[in-house]
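Have the structure open while you read.

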Amino acid sequence: MKKRDSGQVVSPTNHFAFTPMLPGAAVGTVEYRSMTESVRRSNPLVEYVEARAVDVDPAGQRVEVELAPLVSFRGDQRVKAEKKRSWIPYDRLVVACGVRVNDEIVPGAAEHCYRLKECDDAVKLRRAVGSRFETAARMIGKDGLDKERRRQLLTFVVVGGGPTGVELAGELSDYLRDVCRNFPKLDPSEPRIVLIHAGQELLQQFEPPQRKECLRVMDELGVEVELGTRVDRVDADHLTLRRPKGDKGEKVEDLPYGVAVWCAGTAPQPFMETFLSRLPAAAAAGRFVAVDDWLRVRLDYDDDDKKGHGEKIARGSILALGDCARMASKETDLLPQTAQVAAQQGAYAARFLNRNYDASTPPLARDDLYDDRFFEKFYLYEIRKARVAPTFNFLNLGILAYLGAGKALAEVKFGDNVPLGAYIGSAGYLLWKSVYLTKQVATRNRVLVTFDWLKAALFGRDITRL
């Protein structure tokens, strides 16, 4: 955002995080602080409000937020302030609240499974994995029931065979090789990783040859892959699985576990229910916000007038992007829920707002705003040919996934129809590392992540629990 504009960022987390590296942060391959950057430091031109959006008044152009309660101290006692709410007015609103883990579809999953969506999730999972090893170490040398209990404690279950689930399984396999050196009396055969996926193939975003390679590497690393298997219920110490049984239907079995991580599916954030109730015409598939080709929230004024909604909402006053949005013109060809899409949409929305396009269709740059800015107007109108706002078009550059043991999959593209190559194993791993390093928020993050990788390679992963 340019200096002449004023902007506010409302978020309950005061930092940006490179979420594709959360599996590595969960096992100590990288430190979570290395891949996070403060919102205030990353863009000093905007004002940051640590709060959660809870309601919106589209006609009045204002958002209600619940301020994050701050913690203070009285002597040695922590005192948490009461939650407060306030309204923030806006001229343009950008909704980019993403999605949450959909762990409510299976009974017990929300209560007993870990997630991997935010840095806090990675910290909790890292502590849980370490504590299971410490608990199992106290039972070393004992037989009978204690041996079975150790095997249960050291069973790590990952539910979901997408990129997050596969990368976490790969990182866990690397972690097990490191941590077993620090527990020499522990039987190396007792720790196990189980990857459960309801589909018939892992990483369905990739081409068939890469999917087969993924399954081969998982088997080589000792990861037990359960395909075509659904989780019926999650209890405190076991999962109830429904596995295929040839032509005889299905069989139900219990799988004891020590740590279970839910990486299967996503759901809208709670704010989206309120948002869509205020703008029912903007609902797409009942869960997402429908936007036009310029990422403006779709508003059906005729329907609103018939329903007697009263005041009209300013056209173009609300934009939406990322996982919470769906382009109305691409309902049969949905964009993937990846950081790559969100990053491109974020850059597009910033250009759209900085150029102050009007509310027409297609949007036009406002001539009156450029009367005293000749060179900027010449660049926009004559060089970029952008007096009429270009539509958003996603440029697919490919997809990456780490498999473990220094192997990765990489499909490089320039758009959907121009494949540039597929890399497997060490070549894919080098490409995966270079891309993930480049995509860090700041130079500081690139330096810290590089040192974390070097530290893990030379000294192994840090197994301390703080």
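| C97 | C324 | 4.3 Å |

Are they buried or exposed? C97 counts as partly exposed because its relative accessibility is 29%, while C263, at 16%, counts as buried. Buried means under 20% relative accessible area, exposed over 50%, and partly exposed in between (1.4 Å probe, protein chains only).

A quick note on the model: it is predicted, so local features need pLDDT of at least 70 and side-chain atom pairs count only at pLDDT 80 or more, while totals for chains, interfaces and linings use all residues. Residues are numbered from 1 along each chain as its sequence is written, and side-chain values use heavy atoms, leaving out hydrogens and water.

Now for the second largest pocket, which holds about 290 Å³ of space. Its lining has 19 residues, and D174, Y429, A456, A457 and R461 are the closest to its centre. By class, the lining splits into nine nonpolar, three polar and seven charged residues.

Which helix gives the largest share of that lining? That's α13, with five residues. At least two residues each come from α6 (163-179), α12 (426-438) and α13 (443-459).

Methods:
On a 1 Å grid over the protein atoms alone, a cavity is a set of points where a 1.4 Å probe fits but cannot get out, and a pocket is an open set with protein on both sides within 12 Å along at least five of seven lines; lining residues have an atom within 4 Å of a point. Grid points are joined across faces, edges and corners, and a volume is the space filled by probe spheres set on the points. Helices (H or I, at least four residues) and strands (E, at least two) are DSSP runs, numbered from the N terminus. Ala, Val, Leu, Ile, Met, Phe, Trp, Tyr, Cys and Pro count as nonpolar, Asp, Glu, Lys and Arg as charged, and the others, Gly among them, as polar. A disulfide is a pair of cysteine sulfur atoms within 2.5 Å.
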